[in-house]
Amino acid sequence: MTLPRVIELNPPPDVAACLERFRTLPYCLLLDSARRHARLGRYSFLMADPLRVLHLESVNNLNGREANADLFAQAQRLGEQYPAKDEEPGVVPFTGGLAGFCSYDLNRALERLPAPRFDEFQLPLAVLGVYDVVLAWDHVAGRAWLISRGWPPEGGPGSAQRATDRLRQFQKILSAARAMPDVQSPAAANISDLTIADLCIAGPLPGYPMVWSNFSREQYTGAIEQAREYICAGDIFQVNLAQRLLTPVREPAWQMYARLRMANPATFGGYFDFGAGQILSASPERFLRVRRGKVEARPIKGTRPRSPWPEADLFAGDELLASEKDRAENVMIVDLLRNDLSRVCTAESVRVAELCRLELYEYVQHLVSVINGELAPGQSAWDLLRAAWPGGSITGAPKVRAMEIITELECVARGPYCGALLYAGANGDIDANLLIRTLIVSRGWAQFPVGGGITTASDPATEYTETWHKAAGLLRALEFNAQ
């Protein structure tokens with residue numbers, strides 16, 4: 001029998017229903033294309049109960065850059081212990097391997113950067129599991145499969161018997177009459193051990209008495225003015241500045257995610273219970289994809305709100321396309337990513353396939369560009385992640401100075417926000433989103449930062465309002481309405 005073992009599920013099960021069934025297994029992870037798209041939102045992957053877990057501690061536990069600087073090399077070495085035997089491409093692009101998240105705060109392991117003043121949640125820098133069983137959907141074809149690699153926990157080639165045993169274990173969960181009850185551990189139940197007094201906040205937001213920010217309106221617009229002063233002084237060309245919103249958790253995280261994927265469906269969304277908390281993402285942005293050595297990046301820069309009136313919606317889109325400020329912002333990040341890709345790709349292969357195209361989402365419309373490349377001989381997808389980490393569209397340019405300014409002005413650790421959910425297949429392919437439009441649930445709180453790119457042409461009041469356009473889907477999922 002060849003490996004992996006693949007069983008087609010007829011009819012394809014509902015994604016949200018499967019998440020409910022698997023949610024109590026350790027390290028349950030859903031990479032979710034709730035917004036269907038023939039090219040970008042075609043596949044979803046659900047996995048749980050990994051064979052091994054690579055776990056790096058919080059940013060305040062870094063003991064010098066050398067301690068964790070080689071996360072990507074560690075991940076590559078771990079993945080290589082679970083071989084693919086050079087098999088032919090499967091029915092879906094991911095049939096098992098490493099998957100999980102890497103935090104924005106890994107930047108301190110790669111560059112000499114200051115520590116944020118506040119890191120109340122002390123979340124891990126990265127959690128990556130080795131998943132040998134994957135439930136995969138092809139939404140375009142309307143098909144689903146249960147896939148088992150048969151790997152032993154200690155690594156090495158898979159066996160037919162282990163593949164069969166693991167398939168039976170997951171089939172039993174799928175066919176059970178009811179979902180398993182919630183586990184009532186402190187992490188799973190999100191019992192609060194942080195009070196308002198423990199958190200960096202500026203007070204409740206007008207209209208949302210149960211939502212707090214680390215900035216008041218005046219403080220956020222003041223930070224934008226400071227960022228513009230840095231730009232005028234020649235320190236940077238642009239910087240991405242976010243305000244962190246916080247609210248107490250009132251229900252299980254998986255229920256919040258089920259509502260989020262309905263209220264704000266995304267092509268690169270996902271849910272991950274990483275033990276110390278949960279990530280609930282409705283991200284529209286792909287960070288990097290590598291497939292058979294070919295690279296794609298899809299930076300987003302430039303935003304306008306959607307309107308329920310078609311004429312107004314079209315007008316907003318035309319205005320965005322015509323905006324010199326938004327186009328310049330996008331082009332600067334395209335240049336930054338071209339430089340990042342050129343560090344590990346052949347120089348002649350790096351090109352801009354699409355520049356500033358308009359894409360429509362549930363609550364906003366964006367300018368999106370596409371940069372392609374091809375990995376140079378001897379370079380891997382993990383080398384590419386290291387070269388480009390963190391994503392330029394959520395830092396600014398030049399990247400290192402922009403990250404220093406972000407730390408100074410935002411004051412709080414970003415954690416998973418602006419990091420990535422990703423998979424790395426046994427065949428060497430990788431697909432990683434950028435964790436924007438994302439809730440991070442931990443220690444009784446949900447944090448959901450929202451931000452935007454600041455340039456010399458930025459109007460502070462407009463930039464502040466844009467953060468609320470980006471928060472709309474998250475607030476809807478939390479069932480908040482302005483009062």
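# Questions on a predicted model

Biologist: Lys 325 lies in helix H9. Is Lys 325 buried or exposed?

Modeller: This is a predicted model, and the value is computed from it. A residue counts as buried under 20% relative accessible area. Lys 325 has 18% relative accessibility, so this residue counts as buried.

Biologist: Which residue's side chain makes a polar contact with the side chain of Lys 325?

Modeller: Leaving out residues up to four places away in sequence, Lys 325 touches Gly 453, Thr 455, Ala 457, Ser 458 and Glu 463. A polar contact needs a pair of N or O atoms within 3.5 Å. At 2.8 Å, the side-chain partner of Lys 325 is Glu 463.

Biologist: How many Å separate the C-alpha atoms of Lys 325 and Ile 454?

Modeller: Along the chain, Lys 325 and Ile 454 are 129 residues apart. Between their C-alpha atoms the separation is 9.8 Å.

Biologist: What span should helix H9 have, at 1.5 Å a residue?

Modeller: Helix H9 covers residues 324–342, which makes 19 residues. The expected span is 1.5 Å times one less than the number of residues.

Biologist: Which strands are the edge strands of the open sheet?

Modeller: The open sheet has 12 strands with antiparallel pairing, in the order E1-E8-E7-E3-E2-E13-E14-E23-E24-E12-E10-E9. An edge strand here pairs on one side only. The edge strands are E1 (5–8) and E9 (204–205).

Biologist: Within that sheet, what is the bridge partner of Ile 279 in E23?

Modeller: Strand E14 (residues 278–281) pairs with strand E23 (residues 438–442) in the antiparallel sense, over four bridges. In E23, the partner of Ile 279 is Ile 440.

Biologist: At about what angle does helix H4 run to strand E8?

Modeller: Helix H4 (residues 160–175) packs on the sheet and touches E1, E7 and E8 (143–148). The direction of H4 makes an angle with that of E8 of about 135°.

Biologist: Which backbone oxygen does the side chain of Ser 148 reach?

Modeller: Ser 148 is found in strand E8, and at 0% relative accessibility it counts as buried. Among the residues Ser 148 touches are Arg 162, Ala 163, Arg 166 and Leu 167. At 3.0 Å, the side chain of Ser 148 reaches the backbone oxygen of Ala 163.

Biologist: In E24, what is the bridge partner of Pro 248?

Modeller: Strand E12 (residues 245–248) pairs with strand E10 (residues 208–213) over two bridges, in the antiparallel sense. E12 also pairs with strand E24 (residues 445–447), antiparallel and over three bridges. In E24, the partner of Pro 248 is Trp 445.

Biologist: Which residue takes a positive phi in the hairpin of E15 and E16?

Modeller: Strand E15 (residues 286–291) and strand E16 (residues 294–297) pair in the antiparallel sense over three bridges. The hairpin has two residues between the strands. The residue with a positive phi, near 50°, is Arg 292.

Biologist: What is the bridge partner of Lys 294 in E19?

Modeller: E16 pairs with strand E19 (residues 364–374) in the antiparallel sense over four bridges. In E19, the partner of Lys 294 is Glu 374.

Methods. Residues are numbered from 1 along each chain as its sequence is written. This is a predicted model: local features need pLDDT of at least 70, side-chain atom pairs count only at pLDDT 80 or more; totals for chains, interfaces and linings use all residues. Side-chain values use heavy atoms; hydrogens and water are left out. Two strands pair if DSSP finds at least two bridges between them. Contact means heavy atoms within 4.5 Å. Axes are lines fitted to C-alpha atoms, for helices over the stretch in contact, and angles run from 0 to 180 degrees between N-to-C directions. Buried means under 20% relative accessible area, exposed over 50%, partly exposed in between (1.4 Å probe, protein chains only). A polar contact is a pair of N or O atoms within 3.5 Å; within protein, one must be able to donate a hydrogen and the other to accept it, and residues adjacent in sequence count only if both atoms are side-chain atoms.
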